[in-house]
Amino acid sequence: MYVIIGYDVSTMSAEGRKRLRKVSKACQNYGQRVQNSLFECCIDYGTFLKLKNELEKIINKETDSLRYYYLGNNWEKKVEHVGAKPSFNPQDILII
């Protein structure tokens, strides 16, 4: 399944900046950053639940927020990209 994860973490305190780094790192482990606080993840449902649980343990629900956009398996017709940072296909071969 294809999920877009967006987050807004308050960075007014040192604890907030630490949470921001943790949220970013967790998302980087499962997907590709496409904007500063936006990740595209192509993962199975079980892995998504694991990531969602991890993220929701990190944030402060009083000051931070998470958004999950479920695009499913036919996501290619639902995503359009214009401008800098060319898009990628997470199902293509990845060379590191």
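Biologist: Does Tyr-7 count as buried or exposed?

Modeller: The relative accessibility of Tyr-7 is 8%. The structure is a predicted model, and in it a residue under 20% relative accessible area is classed as buried, whereas one over 50% is classed as exposed.

Biologist: The structure holds four aromatic pairs. What angle lies between the planes of Tyr-7 and Phe-39?

Modeller: Tyr-7 and Phe-39 form an aromatic pair whose centres are 6.3 Å apart. The pair links distant parts of the chain, since Tyr-7 belongs to strand β1 and Phe-39 to strand β3, 32 residues apart. Planes under 30 degrees apart count as stacked, and this pair is stacked, with its planes at 25°.

Biologist: What is the relative accessibility of Phe-39?

Modeller: The limit for a buried residue is under 20% relative accessible area. Phe-39 counts as buried, because its relative accessibility is 0%.

Biologist: Why is the pair of Tyr-45 and Phe-48 called tilted?

Modeller: The two ring centres of Tyr-45 and Phe-48 are 6.4 Å apart. Planes under 30 degrees apart would be stacked and planes over 60 edge-to-face, with the rest tilted. The planes of Tyr-45 and Phe-48 meet at 40°, so the pair is tilted.

Biologist: Which of the two, Tyr-45 or Phe-48, is buried?

Modeller: Tyr-45 and Phe-48 are three residues apart in helix α2, separated by about one helical turn. Tyr-45 has a relative accessible area of 52%, and is therefore exposed. At 1% relative accessibility, the buried residue is Phe-48.

Biologist: Which residues do ring pairs link into a cluster?

Modeller: A pair of aromatic rings is described by the distance of the centres and the angle of the planes. Ring pairs join four residues into a cluster: Tyr-45, Phe-48, Tyr-68 and Tyr-70.

Biologist: With which residue does Asp-64 form a salt bridge?

Modeller: Side chains of opposite charge can pair when their charged atoms come close. The structure holds one salt bridge. In the salt bridge of Asp-64, the closest N and O atoms are 2.7 Å apart. Asp-64 lies in the loop between α2 and β4 and its partner in helix α1, so the pair ties together parts 45 residues apart in sequence, and that partner is Arg-19.

Biologist: Is Asp-8 buried or exposed?

Modeller: Asp-8 lies in strand β1, and the UniProt annotation "binding site", from an unreviewed entry, covers Asp-8. Beyond residues up to four places away in sequence, Asp-8 touches Thr-63, Asp-64 and Ser-65. With a relative accessible area of 51%, Asp-8 is exposed.

Biologist: In what sense do β1 and β3 pair?

Modeller: Five bridges join β1 and β3. Across these strands, Val-3 has Cys-41 in β3 as its bridge partner. The sense of the pairing between β1 and β3 is antiparallel.

Biologist: How many residues lie between β2 and β3 in their hairpin?

Modeller: Strand β2, residues 32-35, is joined to β3 by three bridges, and the strands run antiparallel. Gln-35 stands opposite Leu-38 in β3. In the hairpin of β2 and β3, the number of residues between the strands is two.

Biologist: Which element supplies the largest share of the largest nonpolar core?

Modeller: The largest nonpolar core has 18 residues, and Ile-5, Val-23, Leu-51 and Leu-55 have the most contacts inside it. At least two residues of this core come from each of β1, α1, β3, α2 and β4. The largest share, four residues, comes from α2.

Definitions and conventions
Residues are numbered from 1 along each chain as its sequence is written. This is a predicted model: local features need pLDDT of at least 70, side-chain atom pairs count only at pLDDT 80 or more; totals for chains, interfaces and linings use all residues. Side-chain values use heavy atoms; hydrogens and water are left out. A nonpolar core is a set of buried Ala, Val, Leu, Ile, Met, Phe, Trp, Tyr and Cys residues joined through side-chain atoms within 4.5 Å. Buried means under 20% relative accessible area, exposed over 50%, partly exposed in between (1.4 Å probe, protein chains only). UniProt positions are given in the numbering used here, feature names are shortened, and annotations may be inferred rather than shown by experiment. Contact means heavy atoms within 4.5 Å. A salt bridge is a side-chain nitrogen of Lys or Arg within 4 Å of a carboxyl oxygen of Asp or Glu. Two strands pair if DSSP finds at least two bridges between them. Rings of Phe, Tyr and Trp (its six-membered ring) pair if their centres lie within 6.5 Å; planes under 30 degrees apart count as stacked, over 60 as edge-to-face and the rest as tilted.
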